[in-house]
Amino acid sequence: MSMPPAPQSPYQTPLYPWGAPPQAPPEKSRIGLMVAIIGGVFLLIVALLATLILVGKKVDSSYPRAEFVLAVPGTLLDGGYELAKDDSPVQGRKLERSWRLDWDAKAVHGVVAVYRPHNGDRGDLIVTGMYGRFRNTGQVRARVLADNGSSTSRAKAVVPPKDVTPSGSRIKVDCEVVTRTWADGASLTYPVCAWADGNTWARVADMTFHTAMNVDLKSAARTALRIRSEMLKPMR
């Protein structure tokens with residue numbers, strides 16, 4: 001004779017009061033989930049790369065085409081000045097590094113050259129410039145002249161930069177008057193002019209004593225444009 005089941009205590013709780021424990025998803029479901037996550041990440045990376053490429057192309061198209069370079073001829077101003085030193089390999093490289101992260105410059109090459117007058121006048125004519133691809137040329141000219149009179153330089157602008165573009169010129173020229181002081185206390189006041197176009201910019205510092213005695217910014221601007229026409233060469 002079988003015994004009747006023992007009565008349950010009213011205080012006894014079932015082993016799983018809220019139902020059976022959750023079951024782990026099948027192996028195939030986990031694999032599918034991982035594949036979906038990896039696929040989503042991959043598509044996100046592809047979309048991000050495509051966006052960066054499109055942005056890069058748009059930014060690149062905002063720069064003018066590279067068509068001209070700045071050469072360093074043996075003479076300037078119809079032979080009136082002779083090349084004394086081409087410092088492009090050293091100072092030009094330093095210039096490139098300082099402009100490498102500038103948003104208005106791309107594919108830059110630095111040019112630094114010192115010329116001396118043939119007529120026996122003392123002093124130097126120094127051309128500091130770059131060729132490459134430049135946009136916002138007004139801001140480029142402003143930076144060029146601001147660098148010339150920076151707090152770390154011995155050159156200080158005594159007449160601030162202003163537009164001195166000769167009549168009829170399509171290339172803008174800004175000029176200023178600068179005083180440079182040397183360690184022995186000697187000083188010289190002279191004009192500095194800068195142009196900037198889509199492919200080139202240059203700062204022309206005429207530090208010859210004759211020019212220093214007769215600072216004429218209009219004449220200095222015309223000289224800067226003559227130097228541009230002699231240094232500008234088509235890119236090969």
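Contact here means heavy atoms within 4.5 Å, and on that basis Asp197, leaving aside its neighbours within four places in sequence, is in contact with Phe134, Thr137, Ile171 and Arg228. The model is predicted, so local features need pLDDT of at least 70 and side-chain atom pairs count only at pLDDT 80 or more, while totals for chains, interfaces and linings use all residues. Residues are numbered from 1 along each chain as its sequence is written, and side-chain values use heavy atoms, with hydrogens and water left out.

**Asp197**
- Asp197 sits in the loop between strand 8 (187-196) and strand 9 (200-208), strands being DSSP runs of E with at least two residues and helices runs of H or I with at least four, numbered from the N terminus.
- Asp197 is buried, with a relative accessible area of 10%, where buried means under 20%, exposed over 50% and partly exposed in between (1.4 Å probe, protein chains only).
- The side chain of Asp197 reaches the backbone nitrogen of Asn199 at 2.8 Å and the backbone nitrogen of Thr200 at 2.6 Å.

**Helix 5**
- The 15 residues of helix 5 (residues 217-231) should span 21 Å at 1.5 Å a residue, and the end C-alpha atoms are 21 Å apart, which agrees; the expected span is 1.5 Å times one less than the number of residues.
- At the start of helix 5, a side-chain oxygen of Asp216 comes within 3.1 Å of the backbone nitrogen of Lys218.
- Buried residues of helix 5 include Leu217, Ala220, Ala221 and Arg228, and Arg228 is also one of the residues in contact with Asp197.

Technical notes. Polar contact = N/O pair within 3.5 Å; in protein donor to acceptor, adjacent residues only side chain to side chain.
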